[in-house]
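Here are a few notes to read with the structure open beside you. Take them one at a time and find each spot as you go.

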Amino acid sequence: GVRLSRSGALAQIDTLLAAISDPAFVAVYRGEPLAISGTPVLAFWLTGRRSDFETLGDIGSRVTVMVRAYFRMQDSADVRESIEEEVWDAMYQIDSQLRSDADLGGNVTDSSLGPATVGYQNMSGGVFRTVSVPYEMELYGEVTITP
């Protein structure tokens, strides 16, 4: 049988994202950051859960996580140009790493990625270029129905 584990799924997301070497993220944070010192960094946090796939004996669920990369913006035009390349690399690497282990080491049934979006965020007195990728995990039979 499938061994579903919430803590195991989060740990595996952490491991997969930490394996990205280009761009060279200085940290992976579990939880939405309130302040950032060094960059670039990756963070991921839960954004929602809904019940789905009901059978006579159990109910599955879909849990969504937001994965976001942060790059500190600089006045230098050269730095801004290099950040655009890193943003594209980050979109690819997040996709590639999370797809490389769709069941997160057996901790979820399956997973999928939504479209990557790019934007800006003000935080800690600085402006960050961000890449945001929603990541959805499916967990079949997560809740047992007791007759």
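Which residue in β6 does glycine 119 stand opposite?

1. It's threonine 130 that glycine 119 faces in β6. Keep in mind that this is a predicted model. The pair belongs to strands β5 (residues 117-123) and β6, which run antiparallel and are joined by 7 bridges.

2. Now look at how β5 passes into β6: the two form a hairpin, with 2 residues between them. Serine 124 sits in that turn, and its phi is positive, about 50°.

3. Strand β3 (residues 58-72) runs antiparallel to β6, with 14 bridges joining them. One place to check is valine 67, whose bridge partner in β6 is valine 133.

4. Strand β4 (residues 110-113) also runs antiparallel to β6, this time with 4 bridges. Here, serine 111 has methionine 137 as its bridge partner in β6.

5. On to the inside. Nonpolar side chains tend to be buried together in soluble globular proteins. In this model the largest nonpolar core has 27 residues, and Val67 and Met137 are among those with the most contacts inside it, along with Ile13, Leu17, Ile94 and Leu98. At least two residues of this core come from each of α1 (6-18), β2 (41-54), β3, α2 (77-99) and β6. Another core, of 8 residues, lies apart from it and includes Ile36, Ala43, Met66 and Tyr70.

6. Ignoring neighbours within four places in sequence, leucine 17 is in contact with Val28, Leu42, Phe44, Val67, Ile94 and Leu98.

Key: Residues are numbered from 1 along each chain as its sequence is written. This is a predicted model: local features need pLDDT of at least 70, side-chain atom pairs count only at pLDDT 80 or more; totals for chains, interfaces and linings use all residues. Side-chain values use heavy atoms; hydrogens and water are left out. Two strands pair if DSSP finds at least two bridges between them. A nonpolar core is a set of buried Ala, Val, Leu, Ile, Met, Phe, Trp, Tyr and Cys residues joined through side-chain atoms within 4.5 Å. Buried means under 20% relative accessible area, exposed over 50%, partly exposed in between (1.4 Å probe, protein chains only). Contact means heavy atoms within 4.5 Å.
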